[in-house]
Amino acid sequence: MDKKTIYLDQDADIEARVEDLLNRLTLEEKILLIRGRDFWTTNPIKRLKVPSFGMTDGPLGVAYHSSHKGKRTRFPATIGLASTWNKDLAFKMGEAMGKEMKLSGRHQILGPGVNIIRSPLCGRNFEYLSEDPVLSSDIGAEVIKGIQSQKIASCMKHYITNNSETKRMKISTEISERALHEIYVKNYKRIIEKADPWGLMVCYNKINGIHGAENKYILRDILRDQLGFTGHVVTDWGAARGTSGAAGCIKAGLNLEMPGFFISRVMTPKKVKKALDDGDINEGDLNYIVRPLLRTFMRVRLFEETEQPIKKVLDIPEHQQIAKQIAEEGMVLLKNDSNFLPIKLDEVKKIAILGPNANKIFGKPLRGGSSAVVPPKEITPYEGIANYVSGKVEMVSNPEDADIVFLFVGLNHGGHLLSMFLSKKEGDTEGRDRTHYALPDEQQQLIRETLVRNPNTVIILIAGSPIDCSNWFENVPAILNAWYPGMLGGDAIARVLFGEVNPSGKLPVTYPKKLEDHPAHESKKRFPGDLKELKIYFDEGIYVGYRYFDKHQIEPFFPFGFGLSYSSFEMSNIQLDKTNLQGKGNFTVSVDVKNIGDKLGAEVIQIYVSDDECSVDRPPKELQGFEKVHLKPGEKKSVSITLNESAFEFYSEKEHEFKAETGTFTIWGGSSSRELPLSIKINYTA
Ligand code: BGC
């Protein structure tokens, strides 16, 4: 092989390189490529100098267990990233993870997690983004662009409808064609359009009776043919099932079975060869699935690799600052009676920092499951506040001795993944869903007791999922939801509590007043599913999250998009650059926003669209765009958000595609799904 060998030539066209390499591979070599060598890598093809391709877990950073036990930047839980509604930050997080991947000797990060948050109880909500496909895809796409800017492959997961953990390997999602497309596929569709992702992980569960990894409708018809996905599909670990065998998975369009151990034995060389010999598949089928894998190899520059020593500890201040900023911008101020927060340092003498999550370290190996990132250091809330007030305020441990109590409650990631399976502990963790929406009894009691001892108690939630606040909401002056704030979370919390940072996070999910109000919890059939039949019924259809609360006029506890600030903002003057749109095209909505408070702050302009009249039932309104703006006191900005005809579309089961009907649409502007003071009409002609 000389330097002119096309597939080795970095300057040649990628598709030409892929075809060249594909033509050189023997049948046996192709078969070797489609199943892992071990837990995290593929088989190298030494004859052709094809190195082994390596993966590691995400999505909260570069995970410890899969990156040679490396300590890496631990970012906040990604539900907190979505709460920032800040696309630039999402890109920066992806970019930082991409850089750390390069230093970890791997080529693909198994993230972002983009499953729609369908229920407040899913154990992996902390790894996902939102209940809404527009928010989820806009944030997810930026993370992916950031990762891929470093020539590292992303891997959005877990495609598709893996929205709960109970019996995730066996359960079948029972879902209508419209709901599947309009909510769940739409999330991926938008990401693919915006970011051209290089990888995707297919789920464990079945979709209408067929496992994801062997589901041709899901993997080929939708993903490749309709959405135009150009990357490769890897199984979730062990998600290829024997049901339809190697031929079934290959024909469905699965590109890579992982890992290469005994738990995944569907596309073994022996079984693939047999399928070829039996005529169930042919070399063309094999080429179809090898091609995207080779494309990823080219995209990550696998052939340019030079052996680099892998650093055990990455202590990168620049990345840690990004993690801190996400924590700060993602925190959601849920209640703030009479401007109780921020606390003025010169007005307090003694503070108490209490509660089970005040000093807990979350970044430990496999805690919470495969997303566990172990950072070089982790500043707990206790440490962060203690450092912040050091020398100025006395720390006390009795609530009655303090001027202010900061009480840290919430959930946790439980124990080590393996012990979790044995102990059946619930929390924010992979492999298990919560069974209760409320905080554990002992924490509720702690809140009650602390309030009796000191009514000046601020509740800070450290959790990755919505929590029922109704039992104690009335009695507390302020509630701050900090999610899992990552490795510098303690510093970020201190800066918010003492007013150095003005909270600007907005909820990416609805908090119901009670669980039964939530669309996923109208019956057990819907969640966790009928566990005898092994079916989970997505009977709410397209009415996921706020769409359902709006449709049935149910008052949520905290609505989607809600979050307070230490400042106040006024929105006015909604305008369109055109009042008629025909066919495909863009239009721009602009809104003026003014900071009418006395503190620097940020507001998220949220644009929702309703179809004034339609031949099918539609949600009263749907988020279609958003933008975050930072404003000085008194400052006013005009914010423009560009949308296109997809803002009017729904999925037609008759035509099996997205369509928008001719008619008028109302464009709403405001600061949450339930605070939309501005509106304007647009005419659309299909
Ligand atoms: C998880 C995936 C993860 C994979 C590899 C699976 O159990 O569902 O999210 O990437 O393991 O650790």
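1. Two bridges join strand β3 (residues 156-159) to β5, and the two strands run parallel. Here two strands are said to pair if DSSP finds at least two bridges between them, while strands themselves are DSSP runs of E with at least two residues and helices are runs of H or I with at least four residues, both numbered from the N terminus. Within this pairing, Tyr-159 stands opposite Val-202 in β5. This is a predicted model, in which local features need pLDDT of at least 70 and side-chain atom pairs count only at pLDDT 80 or more, whereas totals for chains, interfaces and linings use all residues. Residues are numbered from 1 along each chain as its sequence is written, and side-chain values use heavy atoms, with hydrogens and water left out.

2. Strand β5 also pairs with strand β8 (residues 232-235), in the parallel sense and over four bridges, and in this pairing Gly-199 stands opposite His-232 in β8.

3. A separate point concerns the open sheet of four strands, which has the order β7-β6-β4-β15 and mixed pairing. Its edges are taken by β7 (210-211) and β15 (535-537), each of which has a single partner strand, so one side of each is left without a neighbour in the sheet. β15 pairs with strand β4 (residues 172-174) in the parallel sense over three bridges, and Ser-172 stands opposite Lys-535 in β15.

4. Helix α15 (residues 489-497) is mostly covered, with seven of its nine residues buried. These buried residues are Gly-489, Gly-490, Ala-492, Ile-493, Ala-494, Val-496 and Leu-497. Just after α15, Gly-499 takes a positive phi of about 85°.

5. Two cis peptide bonds deserve a look in the model. The bond from Gly-58 to Pro-59 is cis, with omega near -5°, and Pro-59 is placed in the loop between β1 (55-57) and α3 (78-84). Phe-527 and Pro-528 are likewise joined by a cis peptide bond, with omega about 5°, and Pro-528 has its place in the loop between α15 and β15.

6. Asn-339, which is not a glycine either, has a positive phi of about 50°, has its place in the loop between β9 (332-336) and β10 (350-354), and counts as exposed at 59% relative accessibility.

7. Asp-337 is found in the loop between β9 and β10 and counts as partly exposed at 38% relative accessibility. When residues up to four places away in sequence are not counted, Asp-337 touches Val-476 and Pro-477. Asp-337 and Val-476 are 139 residues apart in sequence, yet 8.4 Å apart in space from C-alpha to C-alpha.

8. For the protein as a whole, there are 16 helices and 25 strands. The radius of gyration is 25 Å, close to the 26 Å that the globule rule gives for 686 residues, so the protein is as compact as a globular protein of that length; the radius is taken over C-alpha atoms, and the rule is 2.2 Å times the number of residues to the power 0.38. Along the principal axes, the C-alpha trace spans about 80 × 60 × 55 Å.

9. Buried residues make up 63% of the 686 residues. Among contacts between residues at least 6 apart in sequence, 76% join residues at least 24 apart. The accessible surface, from the Shrake-Rupley method with a 1.4 Å probe, comes to about 24,900 Å², of which 48% belongs to carbon and sulfur atoms.

Conventions: Buried means under 20% relative accessible area, exposed over 50%, partly exposed in between (1.4 Å probe, protein chains only). Contact means heavy atoms within 4.5 Å.
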